[in-house]
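Student: Please take me through one part of this protein slowly. I would like a close look at the aromatic rings and what surrounds them.

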Amino acid sequence: GGAPGVHGAYGDNFTLMPQFKKELEDGLLPLYSAQAQMVDLSDLKTKLQQANFSVRVEFWNIKFINTVLNVCKDHMPGLLTMSLDRNEIETLSAFKNLSTLVPTVQNLSLSDNSLKSSSELKFLEGLKLRELRISGNPVCTEEGRDKLKFHQAVKSAFPTLVNLDGEEPKGIKIEFCIPAPTVLPPEQGSFFERPDLEQPIVEFVRKYFTLYDSNRADLYSAYTDTCYFSVTIPGRKRSESGDGGSAGTLPPNEAKAYFESNRNLTDAHGDMSKRITCKKTGVIAAMDKLPKTVHNSSSFVVDVLMLPPFPNSATTMCKLMIRGTFAEKTQGGQERQRSFHRTMVLCHPAPPQSGWPLIICNDQLNIRNASVPFAPASNGSPAAPAPAPLAAAVPIQPQALAMHAGGSPGAAGAGSPGGAAPDAQVQQQMVHQLMVMCPGPSAELSAQCLQQSHWNFDTAVTSMRNFIASQGGGMPA
């Protein structure tokens, strides 16, 4: 009269004999909630014993589990949630038909059992689980020490999983359901949260990068005494080889110039805090070690956002984010095209003795391979600037500028007296310097002025100042 054993209760079709299946069915149906579409099979042995059912609970036996799953299939339509907590389950091999017999299950709880390996989950593959509870199993102690790896193992068994033990699985690849092909909106130009800071920022940027390209020591007064500076280049996997950079990374032979300064934490080794340079003497020394550059001012796009003010202070703080391209000069005279993103925290106004409209408190520079290299125009002058606030074109006829230069319209493009025009790099530097000396005109107009002045810088400065004066002391809006 004892409970039916393995040999007496199971038939030949991997399920219980009909009389015992009916008894198990009677014991399971009260555990089902049609409203919640859930069946609570936790601590099933105790529940069946308390209800005076004699069927032996054996979670390791595929015939017993198949009988349970068939009851769920036949009497629990649309079952979404199944709890198997506290059943001393050591293996899930008997559950290999779960995804076939009850494929609607999306939420499964296996907490407080005796599972020792995440490999057991392979027997449940095929279920489109959204939530899995597995806490309280030995596997969580052993494999859970490396949480990321453990979560990835579970996620590989259930790609649709969004909740693992009450949290989002680590290491999920985020994808966006954007139809292909998709035309993205055009890139916006520069942005100034406070319009009154536009002119000081434009003046600051022009002056800063002119000096950065020519003599970085002259940037000393542009930084506060307690400033900070750091440089990063994109991380590169240790296993990568070859000279070709990808996704903006610099090839190893080219990245060497930045290894000493690089503070990218994905490539961290040693004390990375030492790669944050503080105080302006150290900042200038750090920048002086970086490769020589020629920035393309027409590529610059800036965003300026205001920061919370100091209490009881007239000083304004803002964050300047500027991106663009530049040519990196090598010792062999070659040029490598780079793109950069620079973030500065600026104070306004700067101390009068600094000679700057704003002064830098914090400076972070990120350098990547340029996706679109820039080059001077075919006539040797800088390329025309993009329609952005930093390079707004000035409506002016070449003849008008030539008159202020004391020349004629036909003088434009002539070389230096007695020799050829300077090379493209020197021309670019002269254009930048003229824009600093005579703020307002665009790069295109400044290059035109230099051409008409036969690349005599002093003559160009005089001509440009005369022209600006003729416009009423400022450039047209």
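Tutor: Start with a rule: a charge sits over a ring if NZ of Lys or CZ of Arg is within 6 Å of the ring centre and within 35 degrees of the ring normal. Keep in mind that this is a predicted model, where local features need pLDDT of at least 70, side-chain atom pairs count only at pLDDT 80 or more, and totals for chains, interfaces and linings use all residues. Residues are numbered from 1 along each chain as its sequence is written, and side-chain values use heavy atoms, with hydrogens and water left out.

Now apply the rule. The charged end of Lys-207 sits over the ring of Trp-356, 4.4 Å from its centre. Arg-216 lies over the face of Tyr-212, and here the distance to the ring centre is 4.1 Å.

Trp-356 and Tyr-212 both belong to one aromatic cluster.

Next, the pairs. Rings of Phe, Tyr and Trp (its six-membered ring) pair if their centres lie within 6.5 Å; planes under 30 degrees apart count as stacked, over 60 as edge-to-face and the rest as tilted. The whole structure has 12 aromatic pairs. Take Phe-209 and Phe-340: their ring centres are 5.7 Å apart and their planes stand at 45°, so this pair is tilted. It links distant parts of the chain, 131 residues apart. Phe-209 is in helix H8 (residues 198-214), while Phe-340 is in strand E12 (residues 335-348). Helices (H or I, at least four residues) and strands (E, at least two) are DSSP runs, numbered from the N terminus.

Buried means under 20% relative accessible area, exposed over 50%, partly exposed in between (1.4 Å probe, protein chains only).

Look also at the cysteines. A disulfide is a pair of cysteine sulfur atoms within 2.5 Å, and the count comes to 0. Cys-318 counts as buried, at 1% relative accessibility. Cys-72 is buried too, with a relative accessible area of 1%.

Last, a wider view. A nonpolar core is a set of buried Ala, Val, Leu, Ile, Met, Phe, Trp, Tyr and Cys residues joined through side-chain atoms within 4.5 Å. The largest one has 45 residues, and Met-82, Leu-124, Leu-132 and Phe-158 have the most contacts inside it. Helix H4 gives the most to this core, with 6 residues. Apart from it lies another core, of 40 residues, including Phe-326 and Leu-358.
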